[in-house]
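Subject: Structure for you to look at

Hello,

Here is the structure I promised to pass on. Please open it alongside this message, and then read on for what turned up in it.

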Amino acid sequence: MAEHRTHAPPPHSIGTAKIPERLDNTVLVLAATPMGDIGDASQRLRDALGSADVVAAEDTRRTKSLAKALGVEITGRIVSFYDHVETARIPALLDDIASGLTVLLVTDAGMPSVSDPGYRLVAAAVERDLPVTCLPGPSAVTTALALSGLPVERFCFDGFAPRKGGQRREWLRTLASEQRACVFFEAPHRLADCLADAVTVLGPDRRAAVCRELTKTYEEVVRGTLAELAAWAVEGARGEITVVLEGAQPVSADAADLVTEVETLVAGGMRLKDACAEVSAGRGASRKDLYEAVLAARSAE
């Protein structure tokens, strides 16, 4: 899974291009591929791999191996379509579609555009009023949500967690009062640090589920509080990681009631600004209001 974030298409790109009834007509086809178990491949994916005029693949070698495992011969032209060549490949692929060819887009695993290449090509096709369709299938996001055991009627997807500690903690603060469940990807070698930061920012009792190697031989789902998961992750985890974080419980607090907590952190060496950010996280109080409440309390002494 490449580290991409999805974006909504610009308003001017909204269109109503008609999708052809058959996939062997002029169309861009996005196809979900198995995350691990080859049995998850749909018949429609098999048919598309064998009939597409052009197959744009995140990794051409993996796509050829997939086709071989499915007993399918790719008869069309196969081109690479990964992070560093994505933008350069788009014009030629659009011209292929416009000239009457079917272009099939597949990534290494799961659904194109979801933290994988695809969004830019789709947006460009829509801009040119070229039809786009999708062959649904495996997705780590929805699979992890279903397995998490958490309330997930409403959820948000945040791609990969930021790599650097400071940026990661700032990102976690934005989730402190988020009442929807949050799904995100994390690299195995950063999981322990990410969960430790989550304990610090969100508190030890927030529930979560760490899902690894979904649909593969060593699939594992570990559920518990953030404190429990952080302690477990210290031993190390391998494979593809998807984390589901429970939504925050609605709470409210008067900023004035939190001043003492802020001053305790400041007395311990934390900057006032950082202390206000940490205390306000998940407490229903504005960071700005809390900062001003601390200053007001100090001036009143």
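**Around Ala67**

Leaving aside its neighbours within four places in sequence, Ala67 is in contact with Val72 and Ile74. Before going further, please keep in mind that this is a predicted model. Ala67 sits in helix α2, which covers residues 60–69. Its relative accessibility is 2%, so Ala67 counts as buried. Gly50 is 17 residues away from Ala67 in sequence, and the two C-alpha atoms are 8.3 Å apart in space. As for the helix itself, α2 lies across β2, β3 and β4 and runs at about 140° to β3.

**The parallel sheet**

Those strands belong to an open sheet of 5 strands, in the order β3-β2-β4-β1-β5, with parallel pairing. Which strands stand at the edges? They are β3 (77–80) and β5 (132–135); each has a single partner strand, so one side of each is left without a neighbour in the sheet. On average, neighbouring strands here are turned by 25° against each other, direction ignored.

Two pairings are worth a look on your screen. Strand β2 (residues 54–57) is joined to strand β4 (residues 102–106) by 4 bridges, and the two run parallel. Within that pairing, Val54 has Val103 of β4 as its bridge partner. Helix α1 (residues 43–51) packs on the sheet and touches β1 (27–31), β2, β4 and β5, with its direction at about 125° to that of β5. The other pairing is that of β1 with β5, again parallel and again held by 4 bridges. There, Val29 stands opposite Thr133 in β5.

**Cysteines**

How many disulfides does a search of the whole structure find? The count is 0. Cys156 is in no disulfide, and the nearest cysteine sulfur, that of Cys182, is 3.9 Å away. Cys156 counts as buried because its relative accessibility is 12%, under the 20% limit.

**The mixed sheet**

A further open sheet of 5 strands has the order β6-β7-β10-β8-β9, and its pairing is mixed. Its edge strands are β6 (155–160) and β9 (220–225), each of which pairs on one side only. From one strand to the next, the twist averages 15°.

Inside this sheet, 5 bridges join strand β7 (residues 181–186) to β10, and these two run antiparallel. Phe185 has Thr242 in β10 as its bridge partner. Helix α8 (residues 226–233) lies across β8 (207–212), β9 and β10, running at about 130° to β9.

**Cavities**

A search of the whole structure finds 2 cavities of 30 Å³ or more. The largest cavity has a volume of about 50 Å³. Its lining consists of Leu172, Phe184, Cys194, Leu195, Ala198, Leu202, Leu226, Val243 and Leu245. Which elements each supply at least two residues of this lining? They are α7 (191–202) and β10 (241–245). Of the contributors, α7 gives the most, with 4 residues.

**Helices α10 and α11**

Helix α10 spans residues 272–280, and its buried residues are Leu272, Ala275, Cys276, Ala277, Val279 and Ser280. These buried residues pack against α6 (165–174), α9 (259–267) and α11 (287–300).

Lys288 has its place in helix α11. Is Lys288 buried or exposed? With a relative accessible area of 55%, Lys288 is exposed. Ala255 lies 33 residues from Lys288 in sequence, with 9.3 Å between their C-alpha atoms in space.

That is everything from my side for now. I hope you enjoy looking through it.

Best wishes

How values were computed
Residues are numbered from 1 along each chain as its sequence is written. This is a predicted model: local features need pLDDT of at least 70, side-chain atom pairs count only at pLDDT 80 or more; totals for chains, interfaces and linings use all residues. Side-chain values use heavy atoms; hydrogens and water are left out. Buried means under 20% relative accessible area, exposed over 50%, partly exposed in between (1.4 Å probe, protein chains only). Contact means heavy atoms within 4.5 Å. A disulfide is a pair of cysteine sulfur atoms within 2.5 Å. Two strands pair if DSSP finds at least two bridges between them. Axes are lines fitted to C-alpha atoms, for helices over the stretch in contact, and angles run from 0 to 180 degrees between N-to-C directions. On a 1 Å grid over the protein atoms alone, a cavity is a set of points where a 1.4 Å probe fits but cannot get out, and a pocket is an open set with protein on both sides within 12 Å along at least five of seven lines; lining residues have an atom within 4 Å of a point. Grid points are joined across faces, edges and corners, and a volume is the space filled by probe spheres set on the points.
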